[in-house]
Structures are given as C-alpha cells and as structure tokens.
Amino acid sequence: MDQTEKLLIGIENILSVASDLVQEVDRLKRVEEKCQILKEKLFLKQFTISEQDDFALALEGHSVKEMQDILFKEENTIKTQRRSILQKLNASSMKEAIDFYKKNYSQFLETLPILIKKSFKR
C-alpha cells in the first residue's frame, strides 16, 4: 500500500467520524429542545389553567380589558389571577413576571401561547 492509498483511507476515516459527530450534534440539539419544552411545562405547572391563559395573553401584551373580552371573565377575576401569578413568581408587577419569563424561556416565546391556547377551546 503506497502513501496515497494510506492517505485516502485516512481521509475516509476522518469523513466517517465527522459524519458521526454531525449526527450526534443534531441528536443533542433535539434533546436540548425537548428539555427546554419540559422546563417550560414545569414552569407552567405552578399556575392553574386560568392563570396560564392570563399569563399567555399578558405575554402577548393584552390589557386586562382585552383579556376580559377574550376570556369572558370579570375584571376582578382576572386581577385576582394576575395577583396569584405575581405571588407565585415572587414578582412585583406583570412586567417583571414577563421579563423573568423572557429571560429564562425566550426561545419558546412563540410556543407558550400556542401550548396554552389549547385550553381556550374548552
């Protein structure tokens, strides 16, 4: 076996290892995405379904009045649920609660309202 053949075999081995590494990186990215989704679901478990609805709408920037129209709830009910959310997150304002969520779960901002809005169809 001459030098060129050895070089070609070495290159083939390197390409095979590189291909395996690319596949493993893809697998690890999928695992990371699943972990992030589970982390988000765990975050949401601390809220009642109604609080989840309120929080999703707050993330979208809806006012209490708009929430009333969307959820068909009384203003006091929404305000009570928002206070409960703030208490559970140890936040002093809904802006602070939303900022906390965005900081820790920002890559799933689009999915939270989708995950929660399933409950609007009750």
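Predicted model: local features only at pLDDT ≥ 70, side-chain atom pairs only at ≥ 80, totals over all residues.
H3 covers residues 64-71, and H4 covers residues 75-89. The two helices pack with their axes 9 Å apart, at an angle of about 110 degrees. Angles of 65 to 115 degrees count as roughly perpendicular, so H3 is roughly perpendicular to H4. The crossing of H3 and H4 is right-handed.

Now show the side chains at this contact. From H3, select Val64, Met67 and Gln68; from H4, select Glu75, Ile78, Lys79 and Arg82. Which classes do these residues fall into: nonpolar, polar or charged? Three are nonpolar, one is polar and three are charged.

**The loop between H3 and H4**

Next, select phenylalanine 72, which is placed in the loop between H3 and H4. Its phi is positive, about 55 degrees, although phenylalanine 72 is not a glycine. Is phenylalanine 72 buried or exposed? Its relative accessibility is 74%, and the cut-off for exposed is over 50%, so phenylalanine 72 counts as exposed.

Move on to lysine 73, which lies in that loop between H3 and H4 as well. Lysine 73 has a relative accessible area of 16%. Buried means under 20%, so lysine 73 is buried. What does lysine 73 touch, leaving aside residues up to four places away in sequence? Select Ser50, Asp54, Gln68, Ile78 and Gln81 to see these contacts. Two of these names have come up already: Gln68 of H3 and Ile78 of H4 are part of the contact between those helices.

**Helix H2**

Asp54, touched by lysine 73, is one of the buried residues of H2. Select the whole of H2, residues 49-59. Why can H2 be called largely enclosed by the rest of the structure? Nine of its eleven residues are buried, so the helix is largely enclosed. To see them, colour Glu51, Gln52, Asp53, Asp54, Phe55, Ala56, Leu57, Ala58 and Leu59. For the protein as a whole, 30% of the 122 residues count as buried.

Step past the end of H2 to glycine 61. Glycine 61 has a positive phi, near 90 degrees.

**H2 against H5**

The axes of H2 and H5 come within 10 Å and cross at roughly 85 degrees. H2 and H5 are therefore roughly perpendicular to each other. On the H2 side, the contact is made by Phe55, Ala58 and Leu59; on the H5 side, by Met94, Ala97, Ile98 and Tyr101. What classes of residue make up this contact? Seven are nonpolar, with no polar and no charged residues.

**H4 against H5**

The axes of H4 and H5 come within 10 Å and cross at roughly 55 degrees. H4 and H5 are therefore oblique to each other. Their crossing is left-handed. Select Arg82, Ile85, Leu86 and Leu89 on H4, then Met94, Ala97 and Phe100 on H5, to display the contact. By class, this contact has six nonpolar residues, no polar residues and one charged residue. Met94 and Ala97 also take part in the contact of H5 with H2, and Arg82 also takes part in the contact of H4 with H3.

Asparagine 90 is the next selection, in the loop between H4 and H5. Asparagine 90 has a positive phi of about 55 degrees although it is not a glycine. Its relative accessibility is 68%, so asparagine 90 counts as exposed.

**Tyrosine 105**

Tyrosine 105 counts as buried because its relative accessibility is 8%. Which residues does tyrosine 105 touch, not counting those up to four places away in sequence? They are Lys39, Glu40 and Phe43. Lysine 39 is 66 residues away from tyrosine 105 along the chain, yet their C-alpha atoms are separated by 8.5 Å.

**The whole chain**

Finally, show everything again. The protein has six helices and zero strands. Along the sequence, the pattern reads α-α-α-α-α-α. Of the contacts between residues at least 6 apart in sequence, 61% join residues at least 24 apart.

Note on methods: Residues numbered from 1 in each chain as written. Heavy atoms only, no water. Buried < 20%, exposed > 50% of the residue type's maximum accessible area, 1.4 Å probe, protein only. Helix = DSSP H or I, 4+ residues; strand = E, 2+ residues; numbered from the N terminus. Contact = heavy atoms within 4.5 Å. Axes fitted to C-alpha atoms, helices over the stretch in contact; angles between N-to-C directions. Parallel < 35°, antiparallel > 145°, perpendicular 65-115°, else oblique. Left-handed = near helix turned anticlockwise from the far one by under 90°. Nonpolar A, V, L, I, M, F, W, Y, C, P; charged D, E, K, R; others polar.
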